Amino acid sequence: MTALLDGIDSPEDLKALGISQLPDLAQEIRETLIGFCTAHGGHLGSNLGAVELTMALHYVFESPQDRIIFDVSHQSYTHKILTGRRQAFCDPERFGSVSGFTNSAESPHDHFDLGHTGTSISLALGIATARDLAGEDYAVTALIGDGSLSSGTAFEGLNNASGFQGKLIIVCNDNEMAIDENVGGLYGNLAELRNSGGRSAHNIFKDLGFDYRYVEEGNDVESLIGMFESVKEVEHPVIVHVHTRKALGIGDHRVPGMHEGHDRNNHWCAPVATGGKGGGDRKPDAHNARYTYGSMAMRSLVPRFANEASLVVISPATAGSNGILPDFIEEAGNHYIDVGIAEEHAVALACGIAKAGGAPVVATSSTFFQRAYDQIQQELALNASAVTLLVFATGISGSDVTHSGAFDIALLGNLPGITCLAPTSGQELLDMLAWSTGEARRPVLIRMPGEEVLASERAEGHELSAREAVRRWRESTGGTGGQCHGSHRRQHGGESLGNPWERYAVSHQGSEVALLGLGNAYPLAMRIAQALRHDGTRPNSMDPTVIDPRQYSTVDATTLHALLPGHDLVVTLEDSQLNGGWGHRIASYYAETPMRVLTIGADMAFTDRIPLSDLSSRYGMDAPSILGRIHQVLGH
């Protein structure tokens, strides 16, 4: 039943309800969120915990004139429901029609396109500063979760905001969790404040100079409304610390493997298949590439911990999504460090460990490594720190605009001093990781295999559990764990000079056309080659050369030069932004030669929730488009 919710299409509709009706509306919203997330997928836990908080903000303030800025904004589903986008969460036909994050193109109530952590305080302070300079009068509220407070940007914002001479409200939504458990000294103080009802003498917010208020019952909408009414017109910055319950209400439903409160599994809900009578069960989908290759990589390190005291894995609060699983964390002990949502610190910490002789591995997504660009350029590359970066979720995808992985090659692959590797199998990944954390002693970036590589391995029957894959890999290396050599599955074309992957690997020697498929684009290169060999529509079939570059930090001039005789066309394939990417380097190499070059990759553009098949077609990265361009260039 959604009797109340059916009449809510704007904050004005919400305000028309009496306060006594709001708990019933909150329950209807909670039911709607669970229905939406279990059918479509979404950030369930954080949104369930913030229902009453969001309702109270919209009940008291006049959005969009009063600005409400959500940190990360993954917890903005109730906000969207209350601001005219209810049907996107209620009508299955419209599931997926709005972003999972705030999006300024959707509504004037969304002031920024957000998806990363820690920026809400700075953004809100900026708006409040401009407001006061213009002599205007409206409220500005930043809503930030406790997990986001570990971000350096959040601390910078707090430090600056504390001295602001105007109206600014910062709401700390404290549900005692980030994606995983919170870590660090800050959270001890938050716990002390919760346990004392906000009255502890040790108060980081007061010490910074803020007016501080506390709401223990953060899921009681009436208490929240009273608090926001009391601070609405305060003429200086105020911290409102609200204690909420993450995933509140999930216990009343059958959502397999999820619980209220301290449960890492309630962060994200994958779609649940209806099971007829009595609810549903999780779809029996196979694990994705991040889980598969991440867990494989972690499992390969476990046997080394006993003898390598300073081999360390560092995660900035993104463990589970990248295959860093509870059993690994338990076995790793002190060899695993979760620094919270603090990518800059994670990279700098790793560089310190490396300087002292350690072998640190930093693992997170492409979109989050962007946040640590300065540390990667300065502390890592400039200082030649022996750190391994495992970059997950790379390449174009149907993700929200804030989580695209299309920029990492152009962004990180053009920094001097970093060896950038692009494995095309689990075996090769493990070889590269063993080398980078062993004898390499240099900055190494490993672009983790994606769904294309995983699908190819599955088609060939190669996918195994992490434990079995690592067992077989260790057997194949004679029990050495691959530390002294790279993958020798394909021709290397010469000896390496300190880097087993310096030279491109020629998978198949042919003629006329050479297909170079980097990392996740390598399976596509193989499919194109197969299509050219068996193209019945052409009078003469081709036998193209296929090359797996395996790295994109340098150009293998020897292999490229060897293609000049016997080839008329080189085709580069990458699943990343073409402008500033790897393919343009290959084209530049051949610029003063007769060789023709086709560079295939993504446009320089932001894309939001566009299906991967549509993007591939748009960018000419699908097989028919590539084949057509090859024949056009060759004049067939």
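The lining of the second largest pocket divides into twelve nonpolar, ten polar and eight charged residues. This description rests on a predicted model. The pocket has a volume of about 570 Å³. It is lined by 30 residues, and Ser 425, Gly 426, Glu 457, Glu 460 and His 462 are the closest to its centre. Domain 2 (289-491) and domain 3 (505-634) each give at least three residues to the lining of this pocket.

Helix H12 (289-301), helix H18 (426-436), helix H19 (451-459) and helix H20 (466-476) each supply at least two lining residues. The most comes from H21, with five residues.

H18 is mostly covered, as ten of its eleven residues are buried. The buried residues of H18 include Gly 426, Glu 428 and Asp 431. Also buried in H18 are Leu 429, Leu 430, Met 432, Leu 433, Ala 434, Trp 435 and Ser 436.

The domain assignment of the protein chain gives three segments: domain 1 (5-243), domain 2 (289-491) and domain 3 (505-634). The centres of domain 1 and domain 2, taken over C-alpha atoms, are separated by 35 Å. Their contact takes 17 residues from domain 1 and 17 residues from domain 2.

The model has three cavities of 30 Å³ or more. The largest cavity holds about 70 Å³ of space. Its lining has 13 residues, and Ile 396, Ser 404, Ala 406, Thr 607 and Tyr 619 lie nearest its centre. By type, the lining of the largest cavity has seven nonpolar, four polar and two charged residues. At least three residues of this lining come from domain 2, and at least three come from domain 3. The second largest pocket also draws at least three lining residues from each of these two domains.

The nonpolar cores were examined as well. In soluble globular proteins, nonpolar side chains tend to be buried together. The largest nonpolar core has 51 residues. Within this core, Ile 29, Leu 44, Met 55, Phe 228 and Val 240 touch the most other members. Helix H2 (residues 22-40) gives the largest share of the core, eight residues. Apart from this core lies another, of 41 residues, with Ile 314, Val 347, Ala 381 and Tyr 504 among them. With residues up to four places away in sequence left out, Ile 29 touches Leu 5, Val 51, Met 55, Thr 78, Ile 81 and Leu 82. Met 55 is therefore a contact of Ile 29 by a cut-off of heavy atoms within 4.5 Å.

Met 595 sits in the loop between helix H23 (582-589) and strand E18 (596-602). Is Met 595 buried or exposed? Its relative accessible area is 8%, so Met 595 is buried. Not counting residues up to four places away in sequence, Met 595 touches Leu 563, Leu 564, His 567, Asp 568, Leu 569, Val 570 and Tyr 590. Met 595 and Leu 564 are 31 residues apart along the chain, yet 6.7 Å separate their C-alpha atoms.

A cis peptide bond joins Ser 63 and Pro 64, with omega about 10 degrees. Pro 64 lies in the loop between helix H4 (51-60) and strand E1 (67-70).

Ser 73 has a positive phi of about 75 degrees, although it is not a glycine. Ser 73 is found in the loop between E1 and helix H5 (77-82). With a relative accessible area of 0%, Ser 73 is buried.

Ala 317 is not a glycine either, and its phi is positive, at about 70 degrees. Ala 317 belongs to the loop between strand E8 (311-315) and helix H13 (326-332). Its relative accessibility is 3%, so Ala 317 counts as buried.

Technical notes: Residues numbered from 1 in each chain as written. Predicted model: local features only at pLDDT ≥ 70, side-chain atom pairs only at ≥ 80, totals over all residues. Heavy atoms only, no water. 1 Å grid on protein atoms, 1.4 Å probe; cavity = no way out; pocket = protein on both sides within 12 Å on 5 of 7 lines; lining within 4 Å. Points joined across faces, edges and corners; volume = space filled by probe spheres on them. Nonpolar A, V, L, I, M, F, W, Y, C, P; charged D, E, K, R; others polar. Domains from an automatic or database assignment. Core = buried A, V, L, I, M, F, W, Y, C linked by side-chain atoms within 4.5 Å. Buried < 20%, exposed > 50% of the residue type's maximum accessible area, 1.4 Å probe, protein only. Helix = DSSP H or I, 4+ residues; strand = E, 2+ residues; numbered from the N terminus.
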